[in-house]
Amino acid sequence: THLHLTVEDEGPGIAPEHLAKVTEPYYRVDRARSQPGEGVGLGLSIAKDIALMHHGELLLVNRPQGGLAATLRLPRS
(Lines give C-alpha, C1' and ligand atoms only; values in the text may rest on other atoms or scores of the structure.)
Protein backbone atom coordinates (compact mmCIF):
# COMPACT_ATOMS: atom_id res chain seq x y z
CA THR A 1 0.00 0.00 0.00
CA HIS A 2 1.02 3.59 -0.54
CA LEU A 3 0.44 6.99 0.98
CA HIS A 4 -0.74 9.66 -1.48
CA LEU A 5 -0.47 13.37 -0.77
CA THR A 6 -1.94 15.61 -3.48
CA VAL A 7 -1.69 19.36 -3.83
CA GLU A 8 -3.95 20.99 -6.44
CA ASP A 9 -4.01 24.50 -7.81
CA GLU A 10 -6.35 26.46 -10.04
CA GLY A 11 -3.69 28.03 -12.27
CA PRO A 12 -3.16 27.48 -16.00
CA GLY A 13 -1.58 24.04 -15.57
CA ILE A 14 1.49 22.99 -17.53
CA ALA A 15 1.53 22.36 -21.27
CA PRO A 16 1.73 18.59 -21.91
CA GLU A 17 5.06 18.90 -23.71
CA HIS A 18 6.60 20.41 -20.54
CA LEU A 19 5.19 18.01 -17.91
CA ALA A 20 8.05 15.51 -18.15
CA LYS A 21 10.68 18.29 -18.10
CA VAL A 22 9.54 20.46 -15.16
CA THR A 23 11.16 18.11 -12.65
CA GLU A 24 14.57 18.61 -14.27
CA PRO A 25 16.86 21.00 -12.37
CA TYR A 26 16.67 24.64 -13.51
CA TYR A 27 13.95 23.95 -16.10
CA ARG A 28 11.48 26.84 -16.34
CA VAL A 29 8.39 26.63 -18.54
CA ASP A 30 8.06 30.32 -19.37
CA ARG A 31 11.02 32.49 -18.47
CA ALA A 32 9.29 35.54 -19.97
CA ARG A 33 6.62 35.48 -17.22
CA SER A 34 9.17 35.08 -14.44
CA GLN A 35 9.82 37.99 -12.15
CA PRO A 36 13.06 38.66 -10.30
CA GLY A 37 13.28 36.60 -7.14
CA GLU A 38 10.69 34.00 -8.23
CA GLY A 39 13.12 31.09 -7.97
CA VAL A 40 15.43 29.14 -10.19
CA GLY A 41 13.47 26.01 -11.08
CA LEU A 42 14.68 23.61 -8.38
CA GLY A 43 11.57 22.97 -6.27
CA LEU A 44 10.00 20.18 -8.30
CA SER A 45 13.41 18.64 -8.97
CA ILE A 46 14.11 18.47 -5.23
CA ALA A 47 10.64 17.08 -4.48
CA LYS A 48 11.10 14.37 -7.14
CA ASP A 49 14.56 13.43 -5.79
CA ILE A 50 13.23 13.17 -2.22
CA ALA A 51 10.37 10.97 -3.40
CA LEU A 52 12.79 8.70 -5.28
CA MET A 53 15.12 8.45 -2.25
CA HIS A 54 12.15 7.11 -0.28
CA HIS A 55 11.16 4.64 -3.04
CA GLY A 56 8.25 6.80 -4.10
CA GLU A 57 7.39 9.09 -6.97
CA LEU A 58 6.12 12.54 -7.80
CA LEU A 59 3.23 12.59 -10.28
CA LEU A 60 2.16 15.76 -12.08
CA VAL A 61 -1.09 15.94 -14.05
CA ASN A 62 -3.21 18.73 -15.43
CA ARG A 63 -6.66 18.80 -13.88
CA PRO A 64 -9.58 18.58 -16.36
CA GLN A 65 -11.17 21.73 -14.87
CA GLY A 66 -7.84 23.60 -15.04
CA GLY A 67 -4.83 23.77 -12.80
CA LEU A 68 -2.27 21.18 -11.81
CA ALA A 69 -2.35 18.26 -9.38
CA ALA A 70 0.99 17.21 -7.86
CA THR A 71 0.86 13.89 -6.04
CA LEU A 72 3.60 12.54 -3.81
CA ARG A 73 3.27 8.75 -3.66
CA LEU A 74 5.26 6.98 -0.94
CA PRO A 75 5.26 3.38 0.22
CA ARG A 76 3.93 2.75 3.70
CA SER A 77 6.43 1.14 6.05
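The following legends describe close-up views of a predicted model.

Local features rest on residues with pLDDT of at least 70 and side-chain atom pairs on pLDDT 80 or more, whereas totals for chains, interfaces and linings use all residues. Residues are numbered from 1 along each chain as its sequence is written, and side-chain values use heavy atoms, with hydrogens and water left out.

View A. Helices (H or I, at least four residues) and strands (E, at least two) are DSSP runs, numbered from the N terminus. Valine 61 has alanine 69 of β3 as its bridge partner. Five residues lie between the two strands, and glycine 66 in this hairpin adopts a positive phi near 110°.

**View B. Leucine 58 belongs to the largest nonpolar core.** The five members of this core are Ile14, Val22, Leu58, Leu60 and Leu68. A nonpolar core is a set of buried Ala, Val, Leu, Ile, Met, Phe, Trp, Tyr and Cys residues joined through side-chain atoms within 4.5 Å. Beyond its neighbours within four places in sequence, leucine 58 contacts Thr23, Leu44, Ala47, Lys48, Ala51, Thr71 and Leu72 (contact: heavy atoms within 4.5 Å).

**View C. Threonine 23 occupies the loop between α1 (16-19) and α2 (43-53).** Threonine 23 counts as buried because its relative accessible area is 12%; buried means under 20%, exposed over 50% and partly exposed in between (1.4 Å probe, protein chains only). With residues up to four places away in sequence left out, threonine 23 touches Leu44, Ser45, Lys48, Leu58 and Leu60.

**View D. Two salt bridges are present in the structure.** Each such pair has a side-chain nitrogen of Lys or Arg within 4 Å of a carboxyl oxygen of Asp or Glu. Arginine 63 and glutamate 8 meet through their side chains at 3.7 Å, N to O. This pair links distant parts of the chain, 55 residues apart: arginine 63 lies in the loop between β2 and β3, and glutamate 8 in strand β1 (residues 2-8). Arginine 63 is classed as buried because its relative accessibility is 15%. In the salt bridge of arginine 73 with glutamate 57, the N to O distance is 3.1 Å. Here the partners are 16 residues apart, arginine 73 in strand β3 and glutamate 57 in strand β2. Arginine 73 is partly exposed at 26% relative accessibility, and glutamate 57 is partly exposed at 30%.

Conventions: Pairing = 2+ DSSP bridges.
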